[in-house]
Every structure is written in structure tokens, then in C-alpha cells.
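Q: I'm new to this structure and would like a close look at a single part. Could you walk me through the disulfides, and then show me what else is worth a glance?

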Amino acid sequence: MAVSATVVLSGAAFADVTVSQSNDPSITLGGQMTSLLGMERTAMGQVAPARLAALADGVQVKRPVVKRVAKKSGLPEISTPNLIRYDSSFLDALPVTSGDQQWQCLTTALYHEARGETIRGQFAVAEVILNRVDSASYPGTICGVVNQGCQFSYTCDGKSDRANEKGAWNRAGKIARLMLDGAPRALTAGATHFHTVNIRPSWSRRFERTAAIGAHLFYRQ
């Protein structure tokens with residue numbers, strides 16, 4: 001999916017350009033273009049380099065930052081972040097996060113189910129969990145979804161849920177925080193299920209496959 005970035009300049013910097021039609025034959029098209037390009041360079045020079053880099057590298061969410069209340073109880077209020085990148089350098093630059101019980105459940109699920117995946121793959125698993133929360137077919141909270149029966153293997157493997165890899169835990173926590181704060185679910189097309197490529201559960205024959213990311217295949221019920 002191609003991502004485009006639009007630079008919005010202030011009116012004082014670059015509002016409009018009108019090319020007049022001169023009767024002077026010495027004014028050529030090349031001269032007009034040179035003038036336009038010079039004005040464009042002047043306007044671009046007023047945009048901070050960090051802003052230009054962010055627009056070039058990131059996925060820009062064009063909605064304004066607003067607070068809204070989640071549809072189902074048990075989720076905190078969320079706000080839409082301006083920029084998300086699916087790479088380790090982006091996450092590593094973010095502060096270590098914390099949160100309520102729902103954040104804890106999402107972080108734990110990401111740590112145990114997806115910490116060996118790419119950043120994109122971990123975001124994708126978070127999408128599945130939140131898509132289930134939004135579905136009437138599943139519990140209406142994150143903790144309810146991840147602890148429903150043995151839907152997620154780590155809850156039924158008899159092992160401790162303690163996180164021994166601090167770096168992986170912090171990264172999962174940052175992803176959980178971003179998703180709870182309204183990061184776009186742009187990877188799995190509404191998937192509600194996933195499995196690793198080396199198994200084939202019976203439901204995979206019934207549901208529509210929506211994505212393949214890393215070692216996981218994703219499906220929408």
C-alpha cells in the first residue's frame with residue numbers, strides 16, 4: 001500500500017502563486033518556472049528538517065488529535081497519535097510506558113504471542129486482539145479476550161506468564177500503549193484470528209485470509 005505525505009505550509013510562507021500573462025516577449029516560460037521554483041524553495045526552507053523527515057518516513061494519520069470514549073466498557077479513553085512507524089528505531093525512541101489492567105493484558109499477550117515477530121508482526125497481533133474486543137462475538141474487554149478459554153496459547157501452556165526479557169516487554173508495552181491510544185489498524189484488514197505458518201487449524205479453511213506477516217497468517221471471521 002503506497003503511503004503519501006502532504007506538507008502543509010502556513011499561509012505566510014506559501015499561500016498561492018499566480019503566474020501573470022505578460023505582454024513582454026522577453027519573459028519566457030523558463031523564467032516563470034525559475035521564479036516558481038525559487039518561491040517553492042523559500043517556502044520549503046521554513047519547514048523544520050525534523051518535520052520533513054517525519055513526513056517522509058512515517059504513516060501520517062490525517063485525523064486531528066481528539067479524545068474519544070471507547071465503544072465498550074473496560075477500555076480507557078484514547079487519542080489519535082500523529083505518526084506511527086513500524087520499525088525498532090521508532091519504538092526505541094519512545095519512553096517506557098505503563099498502564100491499567102487492559103494495557104497489562106495487551107502487553108502480556110503481545111510479549112508471549114509475538115515477541116519473536118517483527119515490529120509489524122507485533123502490531124498485527126495487537127490488531128487481532130482489539131478487533132475481537134470490537135466484535136459482538138467476543139468479550140468486550142482486552143483481558144476478557146486474551147483470557148477466553150485457550151484462544152491464546154500462552155494462557156494454557158502451564159508456564160509462568162512472567163516476562164524475563166525486559167527489552168521485549170518494554171517494546172510490547174509501547175506497542176500496546178500506541179494501539180490503545182488510537183494507532184491505525186492498517187495491517188490485517190479486520191482480522192480476528194491468526195496462526196503460525198507451521199500449523200493449520202480447522203477454522204483456517206472457513207475464514208477469509210487477510211494477511212501474511214512474518215510467521216503468522218491472519219484471518220477475518
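A: Let's start with one cysteine: Cys105 has a relative accessibility of 12%, so Cys105 counts as buried, the cut-off for buried being under 20%. Keep in mind that this is a predicted model.

Who is the bonded partner of Cys105? Cys105 forms a disulfide with Cys143, and their sulfur atoms sit 2.0 Å apart. In general terms, a disulfide is a covalent bond between the sulfur atoms of two cysteines. This one ties together distant parts of the chain: Cys105 belongs to helix 4 (residues 101-114), while Cys143 belongs to helix 6 (residues 142-146), 38 residues apart. The link of Cys105 and Cys143 is right-handed, with 100° about the S-S bond. And is Cys143 buried or exposed? Cys143 is buried, since its relative accessible area is 10%.

Now for the other link. Searching the whole structure turns up 2 disulfides, and Cys150 with Cys156 makes one of them, with sulfur atoms 1.9 Å apart. Here the link is left-handed, with -90° about the S-S bond. What about exposure? Cys150 has 53% relative accessibility, so Cys150 counts as exposed, the line for exposed being drawn at over 50%. Cys156, at 38% relative accessibility, counts as partly exposed. If you count the bonded cysteines along the chain, the disulfides follow the pattern 1-2, 3-4.

While you have the model open, take a look at helix 5, which covers residues 119-134. Helix 5 has 16 residues and spans 23 Å from its first C-alpha to its last, close to the 22 Å expected at 1.5 Å a residue. Helix 5 is also mostly covered, as 14 of its 16 residues are buried.

Three strands form an open sheet in the order 5-7-6, and the pairing is antiparallel. Strand 5 (193-196) and strand 6 (208-213) stand at the edges with a single partner strand each, so one side of each has no neighbour in the sheet. From one strand to the next, the twist averages 25°. Strand 5 pairs with strand 7 (residues 216-220) in the antiparallel sense over 4 bridges.

Technical notes: Residues numbered from 1 in each chain as written. Predicted model: local features only at pLDDT ≥ 70, side-chain atom pairs only at ≥ 80, totals over all residues. Heavy atoms only, no water. Helix = DSSP H or I, 4+ residues; strand = E, 2+ residues; numbered from the N terminus. Expected span 1.5 Å × (residues − 1). Buried < 20%, exposed > 50% of the residue type's maximum accessible area, 1.4 Å probe, protein only. Pairing = 2+ DSSP bridges. Axes fitted to C-alpha atoms, helices over the stretch in contact; angles between N-to-C directions. Disulfide = S-S within 2.5 Å.
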